[in-house]
Amino acid sequence: MNQQQTTLLETIGENLRSVKQKMREAAARSGLHTEQPKLVAVTKYAREEWIETLYELGQRDFGENRPQQLAQRFERYTQHRSWNDVNWHLIGQLQRNKVKLVLGKTACIHSIASFRLLEKVEHLSAEMGAPIRLLLQVNISGEQSKQGFHAEELLRNPARLASTPSLSICGLMTMAPRSEDEEPVRKTFRGLRELRDRLQPLVPQGTVLDELSMGMSGDFEIAIEEGATIVRIGSRLFQNCPADSP
Ligand SMILES: *Cc1c(COP(=O)(O)O)cnc(C)c1O
């Protein structure tokens, strides 16, 4: 192993340990957790050697925000290098004409943002025999710029949230507003948990909304305090990594 790789292993290793430590502490503070929240390492801007270092350190859940890049990384790593125990999560916007590209490659889509998209995934996952877990992205903060269902849309149409043999709707996802203030961020995360609690009794049997995917590098501790079961963290894992290693 050369010098560069040793440094990466140390740098990313330290970042990973520190994030996990903070995750455990936040979960202990919150009292909402029976299991430790899961870390999805967001690799959308990561170099390949950073991803490989994370894998070497035992990380097995990776998040990509572009369907094309997810498909490429699945092929490169899961198919060609037999990373068979890795879950690739799609966390970014998905257009209906890209669903086919990712089915069979992604374990979980976090960004189901409309009923039309949900129906498309339902149809194709059955047709292709590619089982998939889905999270419904909700625009809790109400910002114009944000993707996602509005809470009322889900509460008015719970019957449309049926899981099928090939598709399991297993929770909700949101993004907090960018803010220096903690309060709007916390309110958004709490809002997602409260929506889940209201929605769960209304949805068809077989749909269990266990997962709350919320929290990124800047706000994951608040998210876990408010009940996040999955955090999606990118930049924090790669801080101090050499930007132009070979
Ligand atoms: C990029 C991204 C993240 C991770 O963001 P960081 O601030 O780098 O941790 C999480 N979720 C989504 C949807 C993203 O696009």
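Student: Which residues surround the ligand?

Tutor: In this predicted model, local features need pLDDT of at least 70 and side-chain atom pairs count only at pLDDT 80 or more, while totals for chains, interfaces and linings use all residues. Residues are numbered from 1 along each chain as its sequence is written, and side-chain values use heavy atoms, with hydrogens and water left out. With "near" meaning a heavy atom within 4 Å, the ligand is surrounded by V42, K44, I91, M175, M216, S217, R232, I233, G234 and S235.

Student: Which N or O atoms lie 2.7 Å and 2.8 Å from an oxygen atom of the ligand?

Tutor: A polar contact is a pair of N or O atoms within 3.5 Å. Here a side-chain N or O atom of K44 is 2.7 Å from a ligand oxygen, and a backbone N or O atom of G234 lies 2.8 Å from an oxygen of the ligand.

Student: Where do the side chains of D85 and R60 meet?

Tutor: Side chains of opposite charge can pair when their charged atoms come close. D85 and R60 form a salt bridge at 3.0 Å, N to O, the term meaning a side-chain nitrogen of Lys or Arg within 4 Å of a carboxyl oxygen of Asp or Glu. D85 lies in the loop between α3 (67–79) and β3 (87–90) and R60 in the loop between α2 (48–56) and β2 (61–64), so the pair ties together parts 25 residues apart in sequence; helices (H or I, at least four residues) and strands (E, at least two) are DSSP runs, numbered from the N terminus. By this rule there are 17 salt bridges.

Technical notes. Polar contact = N/O pair within 3.5 Å; in protein donor to acceptor, adjacent residues only side chain to side chain.
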